[in-house]
Amino acid sequence: MKKLIITMVVLMVIIAIFYIVNLKSAMKNLSLDVKATCENGVEDGEGNKMCVFEGKDIFLDIKITNNDRAVVGFPLEYLQKTGPIIKLTNFNTGAETYVPINLADRALADKFTPIQPGNLVSIKWMISSSDLGRIDSHLTAEIIVKTIIQTGGNEVEFMGMDRMIIAGNRGPRTDKEQ
């Protein structure tokens, strides 16, 4: 009886290790890329994206590209309703705030849109001028997509991010301000 219990425990450990290795492998091989741009955006000479805040709403286009060799199921409708996580950080003070996300029908999170290898899906989103307030300096905006996706028959957690600068009314910073 004791040998049977030990054998069962060893077998359970082997199964658990196999599951963890396969899950990590699925996440490592997953290659979704998140890129965000804004309607009135510019790029500086170093490849940094910048949106100019002129007291109006900022419109974003968030593209999720499948760079993997397999089809990925993505809850597009759900994220089109909730929006991404957007973290704003003030350059001068370091103060951080999050743009509120919307509520959506939770059933949409289980409705996956297939993204074929090499293809992308797009989420149009807006940062309200009231969420930005009065910007005296510049902000860093982290656009974060965090969700459950389907890949290789498994559901796995995905998190991707892109970053951009939101310039206040004064325009781009000079070297003296940096």
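**View 1. The disulfide of C38 and C51 in the predicted model.** The link of C38 and C51 is left-handed, with -130 degrees about the S-S bond, in a model that is predicted. Distant parts of the chain are joined by this pair, since C38 lies in strand 1 (residues 32-38) and C51 in strand 3 (residues 49-52), 13 residues apart. The sulfur atoms of C38 and C51 are 1.9 Å apart, and the count of disulfides comes to 1. Both C38 and C51 are buried.

**View 2. The largest nonpolar core and its contributing elements.** This core holds 32 residues, of which I58, L60, I62, I64, F74 and I166 touch the most other members. Two or more residues are given to the core by each of strand 1, strand 4 (58-66), strand 5 (72-74), helix 2 (76-82), strand 6 (85-90), strand 9 (120-127), strand 10 (139-151) and strand 11 (154-167). Strand 10 gives the most, with 5 residues.

**View 3. The surroundings of I62, one of the core residues that touch the most other members.** When neighbours within four places in sequence are left aside, I62 is in contact with V34, K35 and A36, with P84, with V121, S122, I123 and W125, and with I143 and V145.

**View 4. A nonpolar patch on the surface.** Here I85, Y98 and I101 form a nonpolar patch, and together these residues have about 290 Å² of accessible area.

Technical notes. Residues numbered from 1 in each chain as written. Predicted model: local features only at pLDDT ≥ 70, side-chain atom pairs only at ≥ 80, totals over all residues. Heavy atoms only, no water. Patch = residues over 30% accessible without salt bridge, like charges linked within 9 Å, V, L, I, M, F, W, Y side chains within 5 Å. Areas by Shrake-Rupley, 256 points an atom, 1.4 Å probe, with all protein chains shown as cover. Salt bridge = Lys/Arg side-chain N within 4 Å of Asp/Glu carboxyl O. Disulfide = S-S within 2.5 Å. Helix = DSSP H or I, 4+ residues; strand = E, 2+ residues; numbered from the N terminus. Buried < 20%, exposed > 50% of the residue type's maximum accessible area, 1.4 Å probe, protein only. Core = buried A, V, L, I, M, F, W, Y, C linked by side-chain atoms within 4.5 Å. Contact = heavy atoms within 4.5 Å.
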